[in-house]
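Subject: Structure handover, charged side chains

Hello,

Please find the structure below. My notes on its charged side chains follow.

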Amino acid sequence: MQDGQERVDGGVPGEQPPTGGVPAQGRSGEPVGDVYDWFRRGAKLLAQGHPAAAEQLLARAAEAEPHSRSIREALARAQFDAGSYAAALENFRAVALADPSDDYAQFGWGVAAARLGDFETSAEHLALAVAMRPETDHYRSALRQTRATLAARAGAFGPLLPGAPGYREPSLPGEAGGEPEGIDDDA
């Protein structure tokens with residue numbers, strides 16, 4: 001700039017602020033604006049497909065307003081979309097515990113638990129979401145998938161067939177995986 005001044009968001013006066021996945025920041029590294037601005041910009045970044053950038057803004061907003069369910073839900077969605085399933089689960093859990101009738105928080109808790117491999121917890125919270133909103137197709141679909149995983153793990157569908165993922169050929173005595181060498185059952 002010619003006059004030596006710099007805008008807080010890093011742009012030039014009279015120009016549009018930067019767009020894309022990088023939130024505007026002040027000199028201290030804190031996002032420009034107030035908590036509501038952070039929430040709105042984070043939600044917009046999430047909607048535009050930038051979950052990691054949204055997570056950064058929404059985490060700041062959640063630090064400033066830890067009891068805001070809407071901020072925590074948006075943060076949990078950003079974390080889930082960014083692949084931070086454990087963090088997403090904790091935020092969906094916090095929202096659901098604050099308001100157990102929040103079907104979306106129950107759903108989020110359930111799908112995050114499934115991504116972490118905890119299908120028992122997943123089934124519990126997805127069933128709650130479906131009970132609250134039985135007409136919601138993606139709730140029902142997620143619950144069916146979780147229950148199918150639990151049933152498969154319990155052997156409800158019978159043994160794996162040859163060629164199926166995870167199938168192992170049974171081993172014969174004397175082969176690797178069979179009876180230990182040197183044991184003679186005929187003696």
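Asp-37 and Arg-40 sit 3 residues apart in helix α1 (residues 35-47), so about one helical turn separates them. Helices here are DSSP runs of H or I with at least four residues, strands are runs of E with at least two, and both are numbered from the N terminus.

Before the rest, some background. This is a predicted model, in which local features need pLDDT of at least 70 and side-chain atom pairs count only at pLDDT 80 or more, while totals for chains, interfaces and linings use all residues. Residues are numbered from 1 along each chain as its sequence is written, and side-chain values use heavy atoms, leaving out hydrogens and water.

Salt bridges

A search of the whole structure gives 5 salt bridges. The term means a side-chain nitrogen of Lys or Arg within 4 Å of a carboxyl oxygen of Asp or Glu. Three of them are described here, one of which joins Asp-37 to Arg-40, with 3.6 Å between the closest N and O atoms.

Are these two side chains buried, exposed or in between? Asp-37 has 25% relative accessibility and counts as partly exposed; Arg-40, at 46%, is also partly exposed. The cut-offs are under 20% relative accessible area for buried and over 50% for exposed, with partly exposed in between (1.4 Å probe, protein chains only).

Another salt bridge is formed by the side chains of Asp-99 and Arg-69, at 3.9 Å from N to O. This pair links distant parts of the chain, 30 residues apart: Asp-99 is in the loop between α4 (85-98) and α5 (103-115), and Arg-69 is in helix α3 (residues 69-81). Asp-99 is partly exposed at 21% relative accessibility, and Arg-69 is partly exposed at 40%.

In helix α4, Arg-93 and Glu-90 are 3 residues apart, which means a separation of about one helical turn. Their salt bridge has its closest N and O atoms 4.0 Å apart. Arg-93 is partly exposed at 34% relative accessibility, as is Glu-90 at 43%.

Glu-55 lies in helix α2 (residues 51-64).

Leaving aside residues up to four places away in sequence, Glu-55 touches Leu-75, Ala-78, Gln-79, Ala-82 and Ser-84. Contact means heavy atoms within 4.5 Å.

Regards
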